[in-house]
Amino acid sequence: MAYIRKRTLLNRIFEAPAIGKMAPGTALFVYACLLFWTLVVAFPLYWILITSLKTAQDVNGGPFFIPWVDFTPSLHAWKELFVFDYEDTLRSYTNSIVIALLSTLLCISVGSMAAYALARITYKPKFGNILLFVIAMIAGMYTTWKFGVDWKLTIAAAVAVWFLLVRSIGRFFKKSVGNGDILFWMISQRILPPIVTVVPIYMMFQNLKLLDTHIALILTYTVVNLPIVVWLMYDFMNSIPIELEESAQLDGASRLRTFWEIVLPLAKPGLAATTLLVLILAWNEYILAVFLSTSNAQTIPILVSAMNAGERGILWWSMCVVIIIMIIPVVFMAILLQRFISKGVLLGAVKG
Amino acid sequence: MTTSILTSPKRLTRRQRFSEWVDRQASTLFITPAVVLILVFSIFPLVASLIIAFSRFRLGAGSYKVRWVGFKNFEKQFFGSEQFHFLGTFKGMSLFGWVVTIAAALLLIWWLYRYCKTRFWWLGFIGRIISALVFFGIVLLFSATLLSGTQFGTLGVTLFYVFVGCALQFGIGLGIALLCAQPIRGRTFFRVLFFIPLMITPIGIGYAFRMLADTTKGPFSPVWQWAGLGDFSWATDPWAARIFIVIGDSWQWIPFVFIILLAALENIPKDQQEAAEVDGASGWQIFREITWPQLLPVAATVMLIRMIEAFKLVDLPNIMTAGGPGIATESMSLHSYFAWRSLDLGQSAAIAYLLLFVTVVLCVSFFNYVVIGKLRQAA
């Protein structure tokens, strides 16, 4: 009891009352910091929101902070975008939705199939076969370069020759690469800055007359996000007990059916988290869209930057409206995604 | 359902035979789409880009004119007319620059020497020589520009974004994660709120920060006026503009570091911390001796991912300052994009390849010397 009497005020403030609880002083500090960071996060969002309600004079006249007190909010920017300009807005919005949804769907299905295969099936692609493929491709490119043969034809021929070679002399090769190498190869594609690959992709789509179409953006986004899906889903597939699949296979289910009816339902939490992540990445993508779309397949980020390139200068109010309609679905997704992240779905992959 | 083992092959219908065939090919079927997609949209462009980087490439009306020029495009970046743009302006090295360069060289030689002494593997040695050369090049670049009072080019700017941005994001992200890991009320609320910036489009962030940074009409203009900086503009001073972009980038990416570190912190078993608390350890001691070692593998991996993404930074500088003033905020991606826009495809590809080279060397170095070590310690 003597110990308690000796406690000074300072002790009482900075010493935890019990194990696993915070001292009052610490608590004050923690909440003050959190409140400060809340302001840092929320203020730019608040500023976007009120700017969308301002008229040109209110924006240019100086800082006004609180609607109805400092300035009278008006819906003119909203009206302009949704009533007068609704065709442009609507087209970009639907483009964004279609492209983000379809590329996510494609990315998730291709990626989770690859992740499942890498987690469960042992691959042993022969080193020699890969070398043959590279040689065939180089030969094809050289032919196109030197003799001006149509590149689609040379690639088809190169693939055919490679296939025949693999069938005939492939079995003589001994050295092979393993699943880990394939996985690393797929994930390492994320290191590629998009700027490195986008110019040839641009020319490829130009050649195929697919520039400024949905397909171009969907395919490109799919490949850009594929490494993330493979990486996250591989880890998740590994955590699913293999016994269920084994018993399904004993009962005569095919691989595809096992995957569809047993693995996918079990992988739902991982799938959901990965889907949301990829969806958001595709939704926000900018630099690839700048290269690959002009007007027809224009997505919202492009609409925003195109809107500000006009002679009228930056239309802060309209831009804020567009940013808000872009943010709203994403915030909902963030709240959904938060549930999965707190379960540590994404953590597992990071831990390696 | 009849199983294929019980029926003889002759009695199978065509459909059954087809599904049998599909099942036998399943292992190929599962992985082929991903491999084909990556080959077509990643590997093929990578090779094509390399070819473009070595040629002069002109876009005509529906056709291309290609001419092989060898290393000319790279030469131009390093020694030619684009040197100021890519590397920076050189006007002799200051004494301080020499001191730093020589110190870095000695340190790297000592590091290589120690590696040869302790364990030697020729592939590891070659890798370490490449890393050492790149590091030395970076130090040389900054000593010859920053420490000698001249401006550095897009390579320096990119490295500035990566290192300063990542350090800032790691520091603040870890700080908030530690705060949120305390027994506080409303943890879910904070977690959702702090997570939101990551999901917002970089375009939106770029314009929002331009509004916030406005010293005459922005929300902080009273503060600027009061400090007597009313005429100051973030976009006209090189260092202010760079810091401004790092702040915007950090606002977006701190949540990423935060959310993963918080999940890692919550995964650390509480009993060790509580035992230490009972033994009278201070908060700092608990963090240093118990939390930090267990957090390190995750932290290293998060920083690796963050580094990879930071090298690609292009939309924020494009929106917030358009690379200006001059070239002060132009990242290498943006440099390459501007070159593409002026239809100089060879230059554009050359810069992109230089960016890829720097990214790969630095990320692989970080992975090999830091991340793997931490993961092994944890395992």
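A residue counts as buried if 20 or more other C-beta atoms lie within 10 Å of its own, as exposed if 12 or fewer do, and as partly exposed in between. The exercises below apply to a predicted model.

**Exercise 1.** Decide whether B:A103 is buried, partly exposed or exposed.

Solution. Start by placing the residue: B:A103 sits in helix α5 of chain B, which covers residues 95-118. Next, take the count: 12 other C-beta atoms lie within 10 Å of B:A103. The limit for an exposed residue is 12 or fewer. B:A103 is therefore exposed.

**Exercise 2.** State how far apart B:A103 and B:L141 are in sequence and in space.

Solution. Along the sequence, the separation between B:A103 and B:L141 is 38 residues. In space, their C-alpha atoms are 14 Å apart.

**Exercise 3.** Describe how domain 2 of chain B meets domain 3 of chain B.

Solution. First find the bounds: the domain assignment of chain B gives 1-52 for domain 1, 91-148 for domain 2 and 151-378 for domain 3. Between the C-alpha centres of domains 2 and 3 of chain B there are 26 Å. Then turn to the contacts: eight residues of domain 2 touch seven residues of domain 3 in chain B. On the domain 2 side, six of the residues are nonpolar, two are polar and none is charged.

**Exercise 4.** Characterise the side of chain A that touches chain B.

Solution. Begin with the contacts: 77 residues of chain A meet 82 residues of chain B. Helix α17 of chain A (residues 316-342) supplies the largest share of the chain A side, 13 residues. Sorted by class, the chain A side has 55 nonpolar, 18 polar and four charged residues.

Methods: Residues numbered from 1 in each chain as written. Chains lettered and ligands numbered in written order. Predicted model: local features only at pLDDT ≥ 70, side-chain atom pairs only at ≥ 80, totals over all residues. Contact = placed C-beta atoms within 7 Å. Helix = DSSP H or I, 4+ residues; strand = E, 2+ residues; numbered from the N terminus. Nonpolar A, V, L, I, M, F, W, Y, C, P; charged D, E, K, R; others polar. Domains from an automatic or database assignment.
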